[in-house]
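Visitor: I am new to this structure and would like to take a close look at a single part of it. Could you show it to me before I ask?

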Amino acid sequence: MARRIDVTGAGGVRLAAWEFGDPPKGDPATAVTEAVIPPQSVRKPEGGRPAGSIDDDAESRPGVLLLHGLMGRASHWASTARWLSERHRAVALDQRGHGQSAKSSEAAFTREAYVEDAEAALEQLGLAPAVLIGHAMGALTAWQLAAKRPDLVQGLIVCDMRASALGAASQREWGDWFKSWPAPFATLADVRKWFGEDDPWVERPNPSRGEFYAEVMQESPDGWRPVFEPEQMLKSRETWVHDAHWEELAQVQCPALVVRGLDGELGRAEAQEMVRVLPRGAYAEVADAGHLVHYDQPEGWRTAIEPFLDAVLAPEAP
């Protein structure tokens with residue numbers, strides 16, 4: 001199950017965090033409770049977890065914060081988080097502009113704001129020192145936070161995110177891509193088909209991609225539309241695509257694992273260079289996976305990250 005806990009992010013933006021517990025009977029993908037713990041009650045008491053956490057032994061479990069990529073949402077981590085919750089306190093964050101977090105037009109969508117949001121989540125939820133697991137833009141946020149606040153982070157997993165600058169052409173392509181969406185979609189089946197088969201960016205049919213995008217749609221009076229504002233996504237992306245991010249990688253002091261899908265956006269040569277730049281870097285790859293590594297191949301993803309987690313979170317010898 002997952003319980004929502006409200007977190008106050010940078011600039012007072014309301015963020016929805018989801019703490020995962022034991023998997024329920026039946027279909028675990030639908031088991032998300034709507035119980036909300038208001039920000040003022042999310043506090044870290046002496047020697048333990050924040051008030052209102054999902055179970056009584058959470059304070060004894062190592063904290064893990066999961067950060068989705070651009071356009072994603074916390075529920076995309078459900079399979080990983082349920083698996084992690086057997087031994088860890090697993091929390092996934094709907095980042096600003098995404099999922100059930102605030103999407104105010106007045107909010108900042110800067111790199112600094114995303115990093116400060118993750119920092120606030122770690123502190124308000126009492127997760128630190130935690131392992132950060134990030135996919136795509138969430139991975140960039142994770143390693144920038146690890147570089148900024150090493151006291152909050154004891155391990156880092158980077159999933160299919162490049163450190164190189166992507167450039168202005170990439171940003172233009174994304175703008176054109178958003179305009180090409182045939183939204184509103186009449187049904188969720190239409191969403192799955194377009195993103196899994198008909199989207200010009202799809203090289204071959206990819207049902208998991210269709211499911212991924214179906215999960216970020218909501219029903220409106222005229223059909224199915226994304227839960228996010230495309231303009232806010234482009235604004236968020238604009239703040240990092242023009243720059244390289246090697247310097248922050250070099251400042252990460254904790255153990256770090258770089259994971260790529262063999263058919264993803266992060267090439268092997270760049271991934272291995274990222275590992276070289278990281279002071280305590282390691283490398284893993286997942287076969288038959290594209291950019292959505294944890295979503296395409298959940299078992300392969302778990303196999304890739306489990307040894308790293310075991311090593312990072314192993315209790316110290318007396």
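Visitor: Which residues in α4 meet which residues in α7?

Guide: Please keep in mind that this is a predicted model. On the α4 side the residues in contact are Ser170, Gln171, Trp174, Gly175 and Phe178, and they meet Pro230, Met233, Leu234, Arg237 and Glu238 on the α7 side. Sorted by class, this contact of α4 with α7 holds five nonpolar, three polar and two charged residues. Two packed helices are described by the angle between their axes and the distance between the axes. Here helix α4, which covers residues 168-180, and helix α7, which covers residues 230-238, pack at an angle of about 170°, and their axes are 11 Å apart. Because angles over 145 degrees count as roughly antiparallel, α4 is described as roughly antiparallel to α7.

Two of the α4 residues in this contact, Trp174 and Phe178, also belong to a cluster linked by ring pairs, whose other members include Trp177, Trp181, Phe185, Phe212 and Tyr213. Over the whole structure, a search finds 19 aromatic pairs. One of them joins phenylalanine 212 and tyrosine 213 in an edge-to-face arrangement, with 5.4 Å from centre to centre and 70° between the planes. Both phenylalanine 212 and tyrosine 213 are buried.

Notes: Residues are numbered from 1 along each chain as its sequence is written. This is a predicted model: local features need pLDDT of at least 70, side-chain atom pairs count only at pLDDT 80 or more; totals for chains, interfaces and linings use all residues. Side-chain values use heavy atoms; hydrogens and water are left out. Axes are lines fitted to C-alpha atoms, for helices over the stretch in contact, and angles run from 0 to 180 degrees between N-to-C directions. Helices (H or I, at least four residues) and strands (E, at least two) are DSSP runs, numbered from the N terminus. Angles under 35 degrees count as roughly parallel, over 145 as roughly antiparallel, 65 to 115 as roughly perpendicular and the rest as oblique. Contact means heavy atoms within 4.5 Å. Ala, Val, Leu, Ile, Met, Phe, Trp, Tyr, Cys and Pro count as nonpolar, Asp, Glu, Lys and Arg as charged, and the others, Gly among them, as polar. Rings of Phe, Tyr and Trp (its six-membered ring) pair if their centres lie within 6.5 Å; planes under 30 degrees apart count as stacked, over 60 as edge-to-face and the rest as tilted. Buried means under 20% relative accessible area, exposed over 50%, partly exposed in between (1.4 Å probe, protein chains only).
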